[in-house]
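Hi everyone, thanks for making time for this. I'd like to walk you through one model and stop at a few spots along the chain.

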Amino acid sequence: MIVIGIDCAPPQLVFERYRDAMPNVSALMERGSWGALRSSEPPITVPAWTCMVTGRDAGELGLYGFRNRVEGETALRLADGRDVHSKRVWDWLGDHGFRVAPLFVPLTFPPSPVRGHMISGFLWPGADAPWCFPRSLETEIVDRVGAYRADVQRFRAEDLDRIYSDIVAMTEQHFQIAELVWKEKNPDFLMMVEIGVDRFHHAFWRHIDPEHPRHDPKNPWKGLGHEYYARLDSHIGRLCELAGDETTVLVVSDHGARAMRGGVCINDWLIERRYLTLREPPAAATPLDHGLIDWTRTRAWAEGGYYARVFVNVAGREPFGVVAPNALGAMRAELRRALEDIRDDEGKPIPTVARIPEEHYRSARGFPPDLMVYFDDLALRAIGSVGNRRRVVLENDTGPDSCNHDWEGIFVMSGGNAPRRGRIEGAEIYDVTPTILAAFGIPRPPGIQGKDLGASVGGGGVGMTGPNPASTCRLQQRTRS
Ligand SMILES: [Zn+2]
């Protein structure tokens, strides 16, 4: 089996807008099963891929974003592979005697022993840090394809031509490495994740999406989406050709993408409502420096990103806590009500959902936020910086970016014994691990979530769209024309 992860690929691009640029993926769809794949909560790369390869939710994993809190500190710390305490799909496969090759999957740094080969993903810190298991694979690869490109540097920047050529070179190298490993190491299971797609969306979304409020139809990059997806498809096609018809191929993404309309300045709102107090007001917009927080007069603060993580300054839990632990429940309810009533600068309500992790997940391990807040169903980010003059700003506070993540990723499965079911509805990111294990005949491990998408129709709880659904017909007609 080969799993090709294309980070951030949304159904509307793969199944519709760029489908004509993707004959190989189209052929997989026609011979197999495909549909939208509901992401994890939150739909963010590091938790999402880890949910996919473990069959556990972000609460069970204790991974609420790229960075997470640790006891005794208010600052977040970047997650790495040592923060994953659940078995991943390749561990179970290895236990059953199969040879595995997880390549570039997020949270595989530092590389860890597997029954086969592992290459760390984009969170590899570079320099002398190891990136392969076993380490001897590093020189084998560098000798053949040059220095390892784990990620694109500064992808939230203005030099778009440089960013695009870096993305293209990285994507090409990753597929070359996957081909080498498949041919020469003969794994039973190879999984690769291409982060270039995510970087491409963040850098180019407003230029390729005519619906984006800041789209300029005369911009010189508007054809790049078509071009990049066509490149991606030809890489996928080559890998499928190498794999042959007896190999099952899964093409999946961890979440989708949508136009970013701007962001809500959550910490400025907390300051205005006197939940958060700074020692002195910032002269201009600036990241929230925890050293400048007057903790004695602060009841809550937030971390920005695709969603807001709000933390209550609880006594005994936080280094300078002031809110009595038995007041936490009331404080969360009060904040939740106020946040769900938040307005924009013109006084219009911003549709907001604030969730309590313990109510939402099976369990909330690690250091969960007290509230998880989503603005306008992810069309608006959460802006963590302070000193913004508006409630809603148009730009991201961590560099130019016009793309937000979205709830629906993609799923295509074809080849080997995979059933030809056409479009299926209701697939979720948690289904990927049970689907892979079932394909290898491995009994379902206790406690994991999800269902086998390869199970016969009706057996897996997934609805199949009727024999000739309108949307499938439309897509087939487009392919034929
Ligand atoms: Zn991602």
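I'll start with the metal site, then turn to the backbone, and finish with one arginine.

Before we get going, please keep in mind that this is a predicted model.

So, the metal. Which residues coordinate the zinc ion? They are Asp7, Thr45, Asp254 and His255. If you like to look at the sequence, the donors of the zinc ion follow the spacing D-x37-T-x208-D-H. Take Asp7 and Thr45 from that set: they are 38 residues apart and link distant parts of the chain. Asp7 sits in the loop between β1 and α1, whereas Thr45 belongs to helix α3, residues 45-54. Are these two buried or exposed? Both Asp7 and Thr45 are buried.

As background, most peptide bonds are trans, and most residues other than glycine have a negative phi. Now for some departures from that. Pro134 is in the loop between β7 and α6.

Next, phi. Phe104 is not a glycine, yet its phi is positive, at about 60°. Phe104 lies in strand β5, residues 100-105, and it counts as buried because its relative accessibility is 3%, with the cut-off for buried being under 20%. Arg274 also has a positive phi, about 65°, without being a glycine. Arg274 is in the loop between α10 and β12. Why does Arg274 count as exposed? Its relative accessibility is 68%, and exposed means over 50%, so Arg274 falls in that class.

Last stop: Arg332, in helix α11, which covers residues 328-339. With a relative accessibility of 12%, Arg332 counts as buried. What is Arg332 in contact with, leaving aside its neighbours within four places in sequence? One set of partners is Ile356, Pro357 and Glu358, and another is Pro369, Asp370 and Leu371.

That's my tour, and I'm happy to go back to any of these spots on the screen.

How values were computed. Residues are numbered from 1 along each chain as its sequence is written. This is a predicted model: local features need pLDDT of at least 70, side-chain atom pairs count only at pLDDT 80 or more; totals for chains, interfaces and linings use all residues. Side-chain values use heavy atoms; hydrogens and water are left out. Helices (H or I, at least four residues) and strands (E, at least two) are DSSP runs, numbered from the N terminus. Buried means under 20% relative accessible area, exposed over 50%, partly exposed in between (1.4 Å probe, protein chains only). Contact means heavy atoms within 4.5 Å. Donors are N, O and S atoms within 2.8 Å of the metal (3.2 Å for Na, K and Ca); water is not among the atoms, so sites may look incomplete.
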